[in-house]
Structures are given as C-alpha cells and as structure tokens.
Amino acid sequence: MAFNTQNITNNTANKITGADSGILSRLKICNTKSSGNVTIELYLEKTEDSTQFHMLKNCVIPNGATLIIEHEDLSYIKSKYDLYIKSDSSGGDISIITN
C-alpha cells in the first residue's frame, strides 16, 4: 500500500499531504521533539468558507510517542474539506505518515 510522509517544522496550520488523494486509511502522528510533549490540533477545514471542525484539540503526544488514527475516524468528503494539523511547538516537531 502506498504512503505519504510529511515533517511539520513550524507551529502554523499545515495541510496534511496525501489526505486528499484516494482513501485515507491511517494517519500516524509522531512526536519527534528531542524532549517534552507536543500538543496538537487536528481539524477539517471547509473549502468553501474556511469553517473549522476539530477532530482533536489540545491533544498531548508524549515525547517519542506516536498517535495512530484509523480509517473509521478519518472519513470525510475530500472534495469539500481539507485536513490540517497544528503543533504548539515552535519547531513543529511532528512527523506524519498517511496511508
């Protein structure tokens, strides 16, 4: 199965690459910070008016841990919404694998 990778290197909202192609079956979000937790927001943004719908808010990922979100929690109409992630860390410190 094909997969996409992405490193988040800032604390602004980043569109998750690979989320708009085909069926998204799994999202793996890893804290790559050298020490300490990373707190994330994961949300859908409606393409027509930028309304946000949070899937996760203030979700703490401990140092070195990976959060895995499965297909049943990732179902949305990809032509109407984009999937975004935001980190509280100035360096982003998140590695993402989608498949």
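Mentor: The account below begins with the core and then turns to the strands and the cysteines. This is a predicted model, in which local features need pLDDT of at least 70 and side-chain atom pairs count only at pLDDT 80 or more, while totals for chains, interfaces and linings use all residues. Residues are numbered from 1 along each chain as its sequence is written, and side-chain values use heavy atoms, with hydrogens and water left out.

A nonpolar core is a set of buried Ala, Val, Leu, Ile, Met, Phe, Trp, Tyr and Cys residues joined through side-chain atoms within 4.5 Å. Buried means under 20% relative accessible area, exposed means over 50%, and partly exposed lies in between (1.4 Å probe, protein chains only). The largest nonpolar core has 19 residues, and those that touch the most other members are Leu-27, Ile-29, Ile-40, Leu-83, Ile-85 and Ile-94. At least two residues of this core come from each of E3, E4, E5, strand E7 (81-87) and E8. E4 gives the largest share, four residues. Strands are DSSP runs (E, at least two residues), numbered from the N terminus.

In soluble globular proteins, nonpolar side chains tend to be buried together.

Next come the strand pairings. Two strands pair if DSSP finds at least two bridges between them. Strand E3 (residues 26-31) and strand E8 (residues 94-98) are antiparallel partners over five bridges, and Asn-31 stands opposite Ile-94 in E8. An open sheet of four strands, with antiparallel pairing, runs in the order E1-E8-E3-E6. Its edge strands, E1 (4-8) and E6 (66-70), each pair on one side only.

Strand E4 (residues 38-46) pairs with strand E5 (residues 52-61) in the antiparallel sense over seven bridges, and Leu-42 has Leu-56 in E5 as its bridge partner. E4 and E5 form a hairpin with five residues between them, and in the turn Ser-50 has a positive phi of about 65°.

Finally, the structure holds zero disulfides, a disulfide being a pair of cysteine sulfur atoms within 2.5 Å. Cys-30 is in no disulfide, and the nearest cysteine sulfur, that of Cys-59, is 13 Å away. Cys-30 is partly exposed, with a relative accessible area of 22%, whereas Cys-59 is buried, at 17%.
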